[in-house]
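The notes after it start with the surface and then move to the charged side chains.

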Amino acid sequence: MYAVMKSGARQYRAGLGDEIRVEKLPADPGEQVELNEVLLIVDDDGVEIGRPTVEGAKVLATVVAQEKGPK
């Protein structure tokens with residue numbers, strides 16, 4: 001199972017247990033955030049495509065760290 005969601009100006013693909021880097025979020029390390037802009041969900045039942053988002057879907061994530069990327 002995985003989802004494609006939007007965070008900031010970019011789209012990300014995330015599955016269960018994946019660790020991804022996204023643009024800065026307004027949360028401290030260890031806090032849980034809710035990403036509501038889910039564009040696509042793929043699971044054993046098939047594919048659900050949002051128009052523009054999947055209604056009622058959300059991705060729960062835990063902030064691991066806040067880092068600065070390269071310039």
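Accessible areas here come from the Shrake-Rupley method with a 1.4 Å probe, and for residues only the protein chains shown count as cover. Before going on, bear in mind that this is a predicted model: local features need pLDDT of at least 70, side-chain atom pairs count only at pLDDT 80 or more, and totals for chains, interfaces and linings use all residues. Residues are numbered from 1 along each chain as its sequence is written, and side-chain values use heavy atoms, with hydrogens and water left out.

How much of the chain is buried? Of its 71 residues, 30% count as buried. Buried means under 20% relative accessible area, exposed means over 50%, and partly exposed is what lies in between (1.4 Å probe, protein chains only).

The C-alpha trace spans about 35 × 20 × 20 Å along its principal axes. Take the contacts (heavy atoms within 4.5 Å) between residues at least 6 apart in sequence: 49% of them join residues at least 24 apart.

Val64 gives a local view of this. Val64 sits in the segment after β6 (59-62) and is exposed, with a relative accessible area of 58%. Beyond its neighbours within four places in sequence, Val64 is in contact with Glu19 and Pro29. The C-alpha atoms of Val64 and Asp28 are 8.4 Å apart, although 36 residues separate the two along the chain.

Now for the charges. The chain carries 9 positive and 13 negative charges, and their mean positions are 11 Å apart. Lys and Arg count as positive, Asp and Glu as negative, while His and the chain ends are not counted; each charge is placed at NZ of Lys, CZ of Arg, CG of Asp or CD of Glu.

Side chains of opposite charge can pair when their charged atoms come close. How many salt bridges does a search of the whole structure find? It finds three, a salt bridge being a side-chain nitrogen of Lys or Arg within 4 Å of a carboxyl oxygen of Asp or Glu.

| Salt bridge | N to O distance |
|---|---|
| Arg10 and Glu23 | 3.8 Å |
| Arg21 and Glu67 | 3.4 Å |
| Glu34 and Lys58 | 3.6 Å |

Arg10 belongs to strand β2 (residues 10-15) and Glu23 to the loop between β2 and β3 (32-35), so this pair ties together parts 13 residues apart in sequence. Glu23 is partly exposed at 28% relative accessibility. Arg21 lies in the loop between β2 and β3 and Glu67 in the segment after β6, so their bridge links parts 46 residues apart in sequence. Arg21 is exposed at 70%, and Glu67 is exposed at 56%. Glu34 is in strand β3 and Lys58 in the loop between β5 and β6, so that pair connects parts 24 residues apart in sequence. Glu34 is partly exposed at 42%, as is Lys58 at 48%.

Finally, Asp43, Asp44, Asp45 and Glu48 gather in a surface patch of negative charge. Patches are made of residues with over 30% relative accessible area and no salt bridge, with like charges joined within 9 Å and nonpolar side chains (Val, Leu, Ile, Met, Phe, Trp, Tyr) within 5 Å. Asp44 lies in the loop between β4 (38-43) and β5 (46-49) and is exposed, with a relative accessible area of 84%.

How values were computed: Helices (H or I, at least four residues) and strands (E, at least two) are DSSP runs, numbered from the N terminus.
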